[in-house]
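Please read each point alongside the coordinates.

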Amino acid sequence: MPKIQSIDPNEVRKPGFVEFKPIPVNQYQKSVADEKGNFTNDEFKAIYHDMALIREFETMLNLIKTKGEYNGTPYNHPGPAHLSIGQESAAVGMAWTLSVDDFIFGSHRSHGEILAKGMSAIHKLDDKQLLDIMENFFDGAIYEIVKEGFDGSVKELARRFLVYGTLAEIFARKTGFNRGLGGSMHAFFTPFGVYPNNAIVGGSGDIAVGAALYKKVNRKPGLVVANIGDASMACGPVWEGITFAAMDQFRELWEGDMQGGLPVIINIMNNQYGMGGQTSGETMGYDIAARIGAGVNPDQMHAERVDGYNPLAVIDAYKRKRKVLEDKKGPVLLDVLTYRYSGHSPSDASSYRTKEEVEAWEQHDCIRSFGEQMIEAGVALQSDLDSINEHIRSLVNDMFLKSIDDKISPRMENAEVIGDMMFSNGSVDSFSDAEPEVLLPIEENPRVKKIANKERFAFDNEGKPFSKMKQYQLRDGIFEAIIDRFYKDASLVAYGEECRDWGGAFAVYNGLTESLPYNRLFNSPISEASIVGTAIGYAMCGGRVIPEIMYCDFIGRAGDEIFNQLPKWQAMSGNVLKMPVVVRVSVGSKYGAQHSQDLTSLVAHIPGIKVCFPATPYDAKGLMNAALQGTDPVIFFESQRIYDIGEQFHKSGVPTGYYEVQMGEPDVKRAGEDITFLTVGFTLYQALKAADLLKEKYGMSAEVIDARSLVPFNYEKVVESVKKTGKIIIAGDATTRGSFLNEFATNISQLAFDYLDAPVCVLGSRNWITPAYELEESFFPQPGWFLDMIHERIQPLKDYIPGQNFTDGELIKRSKKGV
């Protein structure tokens, strides 16, 4: 809660009523004849052309899926094809007024939106601009294919480029817009303002809002459209995205030219079905989807229903809503009524609706009715429409033949290339050429000045520790890396549930509020999906962002964003996109089962995410610097138990200047000869205590290695240690079953098999709920547990009485019980 806003009980307790304004429904009722003064004959024909192009393109896909051929040419496409036949006017109307500076995001059913937005760009760009895009995209690979044997205009060539690039992508050809790695449900083409379509229903709901945030914060032109289906209004990312987009602070707390709403339109492509469920009357309760806007903010999101079977109605709505966004009064909700003739996919027999219903909608067919209006209004002859359709059939057929020709359009010869695309491994000082917007010089920041007086090594010359207040702490290391980047990269923003005035629940951000305006550091709704989802959209568009998840336990609330979105888009885009997102995640204790879990293993399991877990101030600062210099998504775990730990290993202290710790490189914190301890996170300090006990009582010397990162990870240093010691315990706070500790163990067992004198041992937490603080010593690995495991599983310790039972019998017993 910002201190400048006060909640007056005398005001909020007054009686009254919440009043709603009427929501327009299908108010636009004009025809082609009515609009002849606002469109040229060529523009009417172009609208018809774009709708007919989408229809033929998807008819071709439908024939391939259902009959295995198109125009007599056989082809087998085993992949998906979610078709929007019947929805063409909604797509073309949406895209008609948009420029390449306006971005659209879509769903699994977005072939039509790609083509509509692509054609809109082709209509608006001049020949030089189009040639520049085609010649430079993937070094002209697609351009060279579509211009071969073609002798027409640049705009006609661009149409071939658009249709071919989209189709080759659908058919998994490396000459597709995303090298065949996105496919039907994920295809996009950013030079035309077409941003990723999303196979997860509602997946674009929060990502598109992040794109709008990027445009606002970085003062970029254009608006953003989230094309989502009516059924997605039941999905969390959509609701959380809307909530984020409608935050009061944009109007009330952001200042100067930053004040005002986000430039985003939530565009519901309302085809009235979701899978086999009918949204109005069965699976939803809104009756008319535009009603939803009334519950979001006093502006009711400027919501209205538009007749999506009339492209002119949609065009009119977009002209009006653009003015709303230009006046900084977004977000906007449009309920665009439409209908899909085809099923959810070609395998769907539409058994949930009647033949009569489909035929009734076909009687209103948007393309045929628009063509009839054009003829009646005298803007086109039937021969004109026939010519357009013939040209389209020829275009689609030609591009179809090119896209299935293995010589012209090969698939990726070596799938191992995908591995090289999982991470971009870039190094970028700043994603913006602008001067970073700050409120005071960094040297005048109160936290910076306070840290300057701290001891950057934990011990004095006599080896005595400085007081906690005097020590440079792990949280200081993270802060220094982050504030340094804020003063370097104008695109950088950070947000979470308690990031601004509070300074973060664990004081990492204390001092940032004094240096940064609201548009760079702000509090978000308590909606983890939108925190991460908007960060993804922000990064997709070219910015760097630090979303914060206050407790590790809450990553499940952002599960789709962390597991399905964040890690996949770099590779699915064919490396067109970068994903410079550093998600800070705090790993707790003391707060019980839902606030004290180490879920690092869940994240490390997902390909495409870098995962680190520093345990010292030196490593925290160095790893955060590396994460913020990079171009890949990073989940940055931080243990609450050691935010206040001082630097115990680098005797020269944590450097005041910039440095990086390379991700994936473990670090030997203490050299030893007899056994190796590999640790993750806080467990480093338990291992060091165990090493002391082992040395003191049994004369054994333990080498303690801090993993620092989980993904990537270089095993060489660990293997060298095991060659020397012959024995290893791998320890961390994650529950043992399914833990990434076992991944370490498996690989080390194979890599160091010839040098092991005992089994590789894994020491994790118990497979229970995390108990209350008073019982945590029975749950998390303790120093004595290391000795217990050595005694039971590696080598007996003389006269030792173990506290924990790590025998084979106990292991079998616990496994039988599932604990």
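Which element gives the most to the lining of the second largest cavity? Strand β21 does, with three residues.

1. Basis of the note. The model is predicted: local features need pLDDT of at least 70, side-chain atom pairs count only at pLDDT 80 or more, and totals for chains, interfaces and linings use all residues. Residues are numbered from 1 along each chain as its sequence is written, and side-chain values use heavy atoms, with hydrogens and water left out.

2. Second largest cavity. A cavity is a set of points, on a 1 Å grid over the protein atoms alone, where a 1.4 Å probe fits but cannot get out; a pocket is an open set with protein on both sides within 12 Å along at least five of seven lines; and lining residues have an atom within 4 Å of a point. Grid points are joined across faces, edges and corners, and a volume is the space filled by probe spheres set on the points. The second largest cavity holds about 50 Å³ of space. Its lining includes Asp598, Thr600, Gly732, Asp733, Ala734 and Phe740. At least two lining residues come from each of α22 (600-604), β21 (728-735) and α26; helices (H or I, at least four residues) and strands (E, at least two) are DSSP runs numbered from the N terminus. By class, this lining has five nonpolar, four polar and two charged residues, where Ala, Val, Leu, Ile, Met, Phe, Trp, Tyr, Cys and Pro count as nonpolar, Asp, Glu, Lys and Arg as charged, and the others, Gly among them, as polar.

3. Largest cavity. The structure has three cavities of 30 Å³ or more, and the largest cavity has a volume of about 60 Å³. Among the residues that line the largest cavity are Phe506, Glu548, Met550, Arg584, Glu638 and Tyr643. The elements giving two or more residues to this lining are β13 (545-549) and β14 (582-587). Strand β14 gives the most, with three residues. The lining of the largest cavity divides into seven nonpolar, two polar and three charged residues.

4. Largest pocket. About 520 Å³ of space lies in the largest pocket. It is lined by 26 residues, of which Thr736, Val762, Met789, Phe806 and Leu811 are the closest to its centre. Helices α26 (740-751), α27 (783-794) and α28 (808-817) and strand β22 (761-765) each supply at least two lining residues. The largest share, five residues, comes from β22. By class, the pocket lining has 11 nonpolar, 10 polar and five charged residues.

5. Salt bridges. There are 41 salt bridges in the structure, each being a side-chain nitrogen of Lys or Arg within 4 Å of a carboxyl oxygen of Asp or Glu. Lys454 and Asp476 form one of them, at 2.9 Å from N to O. This pair links distant parts of the chain, 22 residues apart: Lys454 is in the loop between α16 (446-452) and α17 (474-486), while Asp476 is in helix α17. Lys454 counts as buried at 15% relative accessibility, as does Asp476 at 1%; buried means under 20% relative accessible area, exposed over 50%, and partly exposed in between (1.4 Å probe, protein chains only).

6. Further salt bridges. Arg670 and Asp692 meet at 2.7 Å, N to O. Because Arg670 lies in strand β17 (residues 667-670) and Asp692 in helix α24 (residues 683-698), this pair ties together parts that are 22 residues apart in sequence. Arg670 is partly exposed at 30% relative accessibility, and Asp692 is partly exposed at 39%. Salt bridges that share partners also join Asp619, Asp667, Lys669, Asp706 and Arg708 into one network.

7. Parallel sheet. An open sheet of six strands runs in the order β4-β3-β5-β6-β10-β9, with parallel pairing; two strands pair if DSSP finds at least two bridges between them. Strands β4 (194-197) and β9 (304-307) are the edge strands, each pairing on one side only. Neighbouring strands of this sheet are turned by 20° against each other on average, direction ignored, with axes being lines fitted to C-alpha atoms, for helices over the stretch in contact, and angles running from 0 to 180 degrees between N-to-C directions. Within the sheet, β5 (residues 224-229) and β6 (residues 264-270) pair in the parallel sense over six bridges. Ala226 stands opposite Ile266 in β6.
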